[in-house]
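Me: I am new to reading protein models. Could you take me through some features one by one?

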Amino acid sequence: MSSGSHHITNNLSGEILRHTEVPVVKCYQCGKCTAGCPVAEDMDYPPSLLLRMLQTGEADLEDKVLRSLSIWLCLSCEMCVSRCPMEIDIPKMMDFLRYTSLKEGKTNPKAKNIIRFHRAFLDSINYTGRLYEVGLIADYKMRSLNMTQDVAIAPKMFMRGKLGLIPEIIKERGKMGEIFNKTLKRKGKQL
Amino acid sequence: MKLGFYPGCSLKGGSPEYRISTFNVAEKFGVELVEIPDWNCCGATAAHNMDKELSLSLPGRILALAEAAGLNEIVVPCAACYSRLTVTNHELAEDTQLRENISTIIGMKYEGNVKILNIIQFLDKYVLPHVEEKVVKKFNHDVACYYGCLLVRPHNILKFDREENPQTMDNVITKIGGNPIDWAFKTECCGAGLSVSRTDLVGKLSGKLMIDALDRGAEAIIVACPMCHSNLDMRRSAINKYMNRESEIPVIYITQAVGLAIGLSEKEVGFQYHMVKVKLKEKPITENLVVKKVVQTEPTEEK
């Protein structure tokens, strides 16, 4: 992998460069990513600030980045990178920050339900190969203990034929387990 | 004419109207859509948020299955699936070592011989060349074409349309006699994968774009993504709460609009599945419309 002319430093921005080739150092704080980000105002640190924090290479600021809510609110809508004059692939960086945050057990408490939903989603694929919406919601409710959410809308969805009660199961269901074992689970990540 | 088809979980689950309208339109233009055998979920947002290799392996298996079945061109109506499959196709083509690694994980070879079409590309290639002669009832409505994020970004990989002010869906609407309005939120995000875990944010993001569509006089919002559709249609109470007003503007798939124009019934395009009822006002057809060549002799089969 080429790292271009950038010197790989021994800190989080260096790790980002090594694993994703995203050059945090190139950001000159124009703020277009933050201006275009649809969830910037709900984040604890907007995208351009995350980049600045990483540029400092300070351990305590890197720790704040990994513990931020921002990295989990990011929708990967790709608006930031499409407007970045330096073409810094912020969504790719966000993916890497999420993996690192999970690996180091630093996930933000306010992101719990977002992560629970991702896990419930992947769990469904692991078991059946396809997303089973009723199962997903039930699984998510068990994980989040958020029992009342969507109770009002579910019967209407069912009546309109939008909720199937029987999951679609692929033939090579075992293949899914293998793929999960060889990727996510191999790295000690939990579903 | 046979084409591969990747429905994805939404079209098999909560978005039957998209599947039905896509199939019925394809049939009218002599295209048979063949489902990729034993396909699995692409992993969507959840996979790439949690593990990179997983996020490439799930689409990797789909592409390998399509290739093994000899389906070299596949239609992927869901914008999220389209994005995941296209990004995977790109990454596997760029990096031989990564391709071998993913091959080992999925236990299948993939040579990179599958071409992926999103719904607009499919319409553009197989429907639009003959659509004007098939239009029996102009889609005479002012509509906001909403592309969302994943259909047009990341541009360097998808290489489809413009990132900020795309035109391809507007062009389809124009071809069937409709009037795509100019508006500011064509490619803003609806809140996508946060639909369940942060419904409040979906209400806000979708609310912002709906306010603009309503203020500019749109009669409907046209979409090409089941996530955009379910957020704008199903999450309407959260949206209305954010907007602090009641809205009844319907959210219609581009394939449903095309279907109506070529004479499919409301049932054949799946309006019965919508949460927000689709009520489109009939308008007098004026002369300055773009579709000029309506063949009067075309039989109106379904009424």
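Me: Is S76(A) buried or exposed?

Reply: The model is predicted, so treat every value as computed. To judge burial, count C-beta neighbours: 20 or more within 10 Å means buried. S76(A) has 24 C-beta neighbours inside 10 Å, so S76(A) counts as buried.

Me: Where does S76(A) lie, and what is its phi?

Reply: S76(A) sits in the loop between α5 (70-73) and α6 of chain A. Its phi is positive, about 55°, although S76(A) is not a glycine.

Me: Which residue of chain B has a positive phi of about 60° although it is not a glycine?

Reply: That is N244(B). Look for N244(B) in the loop between α12 (236-243) and β8 (251-253) of chain B.

Me: Is N244(B) buried or exposed?

Reply: Here the cut-off for exposed is 12 or fewer neighbours. N244(B) has 8 other C-beta atoms within 10 Å, so N244(B) is exposed.

Me: Which residues does a cis peptide bond join in chain B?

Reply: Check omega. The cis bond joins R153(B) and P154(B), with omega about -5°. P154(B) is in the loop between β5 (142-145) and α8 (155-158) of chain B.

Me: Now helices. At what angle do α8(A) and α11(A) pack?

Reply: Take the angle between the two axes, then the distance. For α8(A) and α11(A) the angle is about 130°, and the axes are 6 Å apart. That angle makes α8(A) oblique to α11(A).

Me: Which residues make that contact?

Reply: From α8(A) come I125(A), N126(A) and T128(A). From α11(A) come R173(A), M176(A), G177(A) and F180(A). By type, the contact of α8(A) with α11(A) has 3 nonpolar, 3 polar and 1 charged.

Me: How do α4 and α6 of chain B pack?

Reply: Helix α4 (residues 52-68) of chain B meets helix α6 (residues 96-106) of chain B at about 75°, with axes 9 Å apart. Angles of 65 to 115 degrees count as roughly perpendicular. So α4(B) is roughly perpendicular to α6(B).

Me: Into which domains is chain B divided?

Reply: Domain 1 covers 2-117 and domain 2 covers 136-273. The C-alpha centres of these two domains of chain B lie 23 Å apart. In the contact, 23 residues of domain 1 of chain B meet 24 residues of domain 2 of chain B.

Me: Which elements of domain 1 give two or more residues to the side that touches domain 2?

Reply: In chain B they are α1 (8-12), α2 (16-28), α3 (44-50) and α5 (79-94). The largest share, 9 residues, comes from α2(B). This side of domain 1 of chain B has 11 nonpolar, 10 polar and 2 charged residues.

Methods:
Residues are numbered from 1 along each chain as its sequence is written. Chains are lettered from A and ligands numbered from 1 in the order in which they are written. This is a predicted model: local features need pLDDT of at least 70, side-chain atom pairs count only at pLDDT 80 or more; totals for chains, interfaces and linings use all residues. Domain bounds come from an automatic or database domain assignment. Two residues are in contact if their C-beta atoms, placed from the backbone, lie within 7 Å. Helices (H or I, at least four residues) and strands (E, at least two) are DSSP runs, numbered from the N terminus. Ala, Val, Leu, Ile, Met, Phe, Trp, Tyr, Cys and Pro count as nonpolar, Asp, Glu, Lys and Arg as charged, and the others, Gly among them, as polar. Axes are lines fitted to C-alpha atoms, for helices over the stretch in contact, and angles run from 0 to 180 degrees between N-to-C directions. Angles under 35 degrees count as roughly parallel, over 145 as roughly antiparallel, 65 to 115 as roughly perpendicular and the rest as oblique.
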